[in-house]
Amino acid sequence: MAMAAPASQSFVAFSSCYSSSCFFSPSRCGSLSSVLPLYSCSSSSSLCHPYLQFNSARGVSSLGSRRQQQQQEQLWSIVWSSRVMSAAADVTPTTAESTVVSPHQRPKQQALISLSDKRDVGFLAKGLVDLGFKLISTGGTASILQQAGYEVTPVEQLTSFPEMLDGRVKTLHPAVHGGILARRDSHPHMDALQQHGIGLIDVVVVNLYPFYSTVTAPGGTSFEKGVENIDIGGPAMIRAAAKNHKDVLVVVDPADYPALIENLKCKGDSYSFRRRLAWKAFQHVSSYDSAVAEWFWKHTSDKDASGRQEFPPSLSLPLSLKSPLRYGENPHQRAAFYEDKSLSEVGRGGIATAVQHHGKEMSYNNYLDGDAAWNCVCEFTNPTCVIVKHTNPCGVASVGPNTGLLEAYQQAVRADPVSAFGGIVAFNVEVDETLAREIREFRSPADGETRMFYEIVIAPKYTEKGLQILKGKSKTLRILEAQQTKAGRRSLRQIGGGWLLQDSDDLTPDDLGFRVVTDKVPSLELVDDAQFAWLCCKHVKSNAIVVAKDNRMLGMGSGQPNRVKSLQIALEKAGEEAKGAALASDAFFPFAWNDAVEDACKAGVKVIAQPGGSMRDKDAIDCCNKYGVAMVFTEVRHFRH
């Protein structure tokens, strides 16, 4: 009769599958399985293999002759020495091993499932059970599986400890972590498990408390509730399984369940798959911890006199791959697009979260230009059209609140039809059927014949008919629906070996006082023109000059090393319409006489908006007074590099 093992004893299975593509299913692959089961015999009549049954004290069967025990020990040594977990191993099993250990005698392997996101848990459970796995689970996951008819071992039965401290302690126990972390090729590890009656856990499927969704929920959440949604046991199990990925498969994403089941059926490169799952697990925990750290800093850091938060002494960015890109700025550069999953980005809109309704896949340059166009158009409160080329707005026009966007679109194109061709068109209100048809059919003002071509159209929404018409313009036209970009986000930019972090430039004309510094006082209409020009200028690359009138850009000069040249380009584009218009500069004028200020006055500009702050501000004021031109100081610079 067999000696009964302690009731808490679990099955321990050491599996060696020497196929380069399989670890878990020798019966399917036709390769050796060396299994040393630690049986839990509940009665003296249990039928257990006489050579492979151990008691918990010595690990040696009480049955069989001394010679049988010696054979047992020899086989133990043989099997352990052959337990090599390299995917490239190609070992032929010996006759002795094949004779003693049969796949049919192999006990069930164990999978631990503990999920907050319970999507597809039924598919997962069925796949594992069909493959002969024994399920271990916690709390709500265990209840769902049991209700679905699956036999589940609650984790408290495994640990012999109840869930405690309001659920804070469930899986933090050697019976769990020992079964996960034990190296199957380590004699001391396996001896320790044998000594303490701990069974191996071969698959760990865990995802974490919904901290991210809890702290970003509408209306916010209390600090105490946020803290209680910080997972402790989950990350510990994930990290343990990922560390021991050679022996344990770890899954954190329901999307990987089908691949897991197929891999367990010996399809695919098992070791490569294990390592990839381990990477994904570590990345998952890293992103989770990044969100927790960001949230804690928000509730911990000091604020300056204006209520702005201190920058953290260290910073982690949780970036999620949204799509690989065909190439970067140029075809020889590789590229990909990542979405920023930082808590600070939740609900702030922008191109990253836009929905693409039509057209070719977005490119690296499309994202840059689309972002520039969308950020610019979202600054305007009246219905507005912005056209961007190479991240610079080359056409901007606004209309009254009760006026259709048709005129705004036409005026934006007319500002620089040559640059607008092949550009990005953005609107801050819905695109309807009439506007969509105009976008599709509008001819270039440059020749009156060429139909305008665009890379992207962006709007907050489209009517059903409007979207249908736009799709008919071109198979390649990218049509994006984006949420309005909100103020208050951070701005990050990479340099060699580091990153520059700053607040976003969120100031608008409503935040500033346009202080008159000349004898000439501008009319309200001219002030409106100056504010419009200034808001456009904010989005033009430095050195930036914008000429505008009647809520439309007439011309702009961008990216020149000197301000005089930018002025000349802007005036050239504006032509005769510069007479009576407003001019805005992103920074002060270092010189006035025989320089940019005097050139603007001679061109007929009626008001100049600039930050001021030059040691020669008086020269600029005197020059404007001579020509009867008004000048206003904003006292805010808007460099854009």
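How many bridges join strand 16 to strand 21, and do these strands run parallel or antiparallel? In this predicted model, strand 16 (residues 515-516) and strand 21 are joined by two bridges and run antiparallel. Within this pairing, Arg515 has Phe633 of strand 21 as its bridge partner. Strand 21 is also paired with strand 20 (residues 607-610), in this case in the parallel sense and over four bridges, and here Gln610 has Phe633 as its bridge partner in strand 21.

Strand 20, helix 22 (residues 617-627) and strand 21 together make a β-α-β unit, which is right-handed.

Another sheet is built from five strands, which form an open arrangement in the order 3-2-1-4-5 with parallel pairing. Strand 3 (152-154) and strand 5 (249-251) stand at its edges, and because each has a single partner strand, one side of each is left without a neighbour in the sheet. On average, and with direction ignored, neighbouring strands of this sheet are turned by 20 degrees against each other.

Strand 1 (110-114) is largely enclosed by the rest of the structure, because five of its five residues are buried. From this strand, Gln110, Leu112 and Ser114 point one way, whereas Ala111 and Ile113 point the other way. Strand 1 runs parallel to strand 2, to which it is joined by four bridges, and Gln110 stands opposite Lys134 of strand 2. The chain passes from strand 1 through helix 4 to strand 2 in a right-handed β-α-β crossover. Helix 4 (residues 121-130) lies across strand 1, strand 2 and strand 4 (203-206), and runs at about 170 degrees to strand 1. The pairing of strand 1 with strand 4 is likewise in the parallel sense, over four bridges, and Ile113 has Val205 as its bridge partner in strand 4.

Towards the edge formed by strand 3, strand 2 (residues 134-137) pairs with strand 3 in the parallel sense over three bridges, with Pro154 of strand 3 as the bridge partner of Ser137. The loop between helix 5 (139-147) and strand 3 contains Glu151, which counts as exposed because its relative accessibility is 72%. Although Glu151 and Lys134 are 17 residues apart along the chain, their C-alpha atoms are separated by 7.9 Å.

A further loop, between helix 6 (155-159) and helix 7 (174-181), contains Val169. At 26% relative accessibility, Val169 counts as partly exposed. When its neighbours within four places in sequence are left aside, Val169 is in contact with Pro162, Glu163 and Met164. Val169 and Ile232 are 63 residues apart in sequence, and their C-alpha atoms are 8.5 Å apart in space.

The largest nonpolar core has 74 residues, and those with the most contacts inside it are Tyr409, Phe427, Ile458, Leu470 and Val546. Helix 19 (residues 524-537) gives the most to this core, contributing eight residues. The contacts of Val546, leaving aside its neighbours within four places in sequence, include Ala533, Cys536, Cys537 and Val540, as well as Met553, Met556 and Leu583. A second, separate core of 30 residues includes Val206, Ala278, Ala281 and Tyr288.

With regard to its cysteines, the structure holds zero disulfides. Cys537 is in no disulfide, and the nearest cysteine sulfur, which belongs to Cys536, is 8.5 Å away. Cys537 counts as buried, because its relative accessibility is 1%. For Cys623, the closest cysteine sulfur is that of Cys601, and the two sulfur atoms, at 4.5 Å, are too far from each other for a bond, as a disulfide is taken to require a pair of cysteine sulfur atoms within 2.5 Å. Cys623 counts as buried as well, with 0% relative accessibility.

How values were computed. Residues are numbered from 1 along each chain as its sequence is written. This is a predicted model: local features need pLDDT of at least 70, side-chain atom pairs count only at pLDDT 80 or more; totals for chains, interfaces and linings use all residues. Side-chain values use heavy atoms; hydrogens and water are left out. Two strands pair if DSSP finds at least two bridges between them. A crossover is right-handed if, with the strands pointing away from the viewer, the path from the first strand over the helix to the second runs clockwise. Buried means under 20% relative accessible area, exposed over 50%, partly exposed in between (1.4 Å probe, protein chains only). Axes are lines fitted to C-alpha atoms, for helices over the stretch in contact, and angles run from 0 to 180 degrees between N-to-C directions. Contact means heavy atoms within 4.5 Å. A nonpolar core is a set of buried Ala, Val, Leu, Ile, Met, Phe, Trp, Tyr and Cys residues joined through side-chain atoms within 4.5 Å.
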